[in-house]
Amino acid sequence: MATSGHGATISFGTSGFTSQFTSIGSGSSAREAVETTHLGTERDTANNNVSYKTFQPSDLIDNGEKELEFYYDPAAGTRMITKAVETITMTYPIKPGETSGGAEVFEGFATNYTRPTMVSADLMTATCTIKVSGIITYSAGS
Amino acid sequence: MATSTANTVELAVRDLILSNAKINDAVNGRIYLGHIPAYPLPKKRLVIVTGFNREPYYHLGGELAKSTTLVQIDVWATDPDGMAFVGNNTGSAGEQIRKTLSGYSGVVGSVGIDVCLLERDMYDSIPPEDGSDAWRRRRSLDFSITHSITL
């Protein structure tokens, strides 16, 4: 069943960075397609003897980035861009019937921090990009 | 401003308006929240403060202790010289209200006001039914106010 993102959390194991997050972009994992075409790659005799390139998945996976958006509090002192790699836990919203949401645990660090744009009628928000380093350990909600 | 005990944005706006001595003298207590009292009928010049259309803010963990509320302030006069009360001449109550609130930020009672922005400033003139020159005049000022709330 589809559910909204409301209730998702993210916590930082060492820096303790916390805020009122309005958006947590889970990011994407990606891997290269490594070409395996060779001189003996089969020809398609029914179609003018063309050959089709073949590939295999790379064994190196980039687990991407997490994009965070949050209400900016000028009084908050934690500057994520200066922090070292730390353990980060992101939890998915708790679905009806669950007592704990699914989670992703990974090592990560900030690669970008965008300060707020100040507009009279808008609340200030800031964004932060977290680079995932290594594996993401998933656990299902229960 | 005299110490305010305002705990809603409407009360904060009322106290803020009354903190301006010129307005306070002009309305002499005839500033009402939401509607005019049915009895006793107030005098011919008065101000009504109505808050509506509160827009909440959310983060992933719940509602933010802040919201933006549209507050309408109606400045009414039903006497022949009413335009001097509602109009845009410097000394009018209407103009003093605009000057007091437009761009305001600060704390009134327990309400923290981030900003108070004038969204609309409209005049209304309704001809008298008795053929006299006592037109009913209204200046309606809509302010978009971003402020703290108690959750």
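In this predicted model, chain A contains an open sheet of six strands, whose order is 1-8-9-10-7-2 and whose pairing is antiparallel. Strand 1 (9–12) and strand 2 of chain A stand at the edges of that sheet, and because each has a single partner strand, one side of each is left without a neighbour in the sheet. Chain A also divides into two domains, domain 1 and domain 2, and chain A makes a contact with chain B.

**The sheet of chain A**

- When direction is ignored, neighbouring strands of this sheet are turned by 30 degrees against each other on average.
- Strands of a sheet pair through backbone hydrogen bonds, and the pairing may be either parallel or antiparallel.
- Within this sheet, strand 7 (residues 65–71) of chain A runs in the antiparallel sense to strand 10 (residues 125–139) of chain A, and the two are joined over seven bridges.
- A:Tyr71 has A:Thr125, which belongs to strand 10 of chain A, as its bridge partner.

**Domains of chain A**

- Domain 1 of chain A is made up of residues 1–29 together with residues 64–142, whereas domain 2 covers residues 32–63.
- The C-alpha centres of domain 1 of chain A and domain 2 of chain A are 39 Å apart.

**The loop between strand 4 and strand 5 of chain A**

- Most residues other than glycine have a negative phi.
- A:Asn48, which sits in the loop between strand 4 (43–44) and strand 5 (50–51) of chain A, has a positive phi, near 60 degrees, although it is a residue other than glycine.
- A:Asn49 is placed in the loop between strand 4 and strand 5 of chain A, and its phi is likewise positive, near 60 degrees, in a residue other than glycine.
- A:Asn48 counts as exposed because it has 7 C-beta neighbours inside 10 Å, where the cut-off for an exposed residue is 12 or fewer.
- A:Asn49 is also exposed, since 8 other C-beta atoms lie within 10 Å.

**The contact between chain A and chain B**

- The contact draws on 13 residues from chain A and nine residues from chain B.
- On the side of chain A that touches chain B, the largest share, three residues, is contributed by strand 2 (residues 21–25) of chain A, and strand 2 is one of the strands that stand at the edges of the sheet.
- The residues on this side of chain A comprise six nonpolar and seven polar ones, with no charged residues.

Terms used
Residues are numbered from 1 along each chain as its sequence is written. Chains are lettered from A and ligands numbered from 1 in the order in which they are written. This is a predicted model: local features need pLDDT of at least 70, side-chain atom pairs count only at pLDDT 80 or more; totals for chains, interfaces and linings use all residues. Two residues are in contact if their C-beta atoms, placed from the backbone, lie within 7 Å. Helices (H or I, at least four residues) and strands (E, at least two) are DSSP runs, numbered from the N terminus. Ala, Val, Leu, Ile, Met, Phe, Trp, Tyr, Cys and Pro count as nonpolar, Asp, Glu, Lys and Arg as charged, and the others, Gly among them, as polar. Two strands pair if DSSP finds at least two bridges between them. Axes are lines fitted to C-alpha atoms, for helices over the stretch in contact, and angles run from 0 to 180 degrees between N-to-C directions. A residue is buried if 20 or more other C-beta atoms lie within 10 Å of its own, exposed if 12 or fewer, and partly exposed in between; C-beta atoms are placed from the backbone. Domain bounds come from an automatic or database domain assignment.
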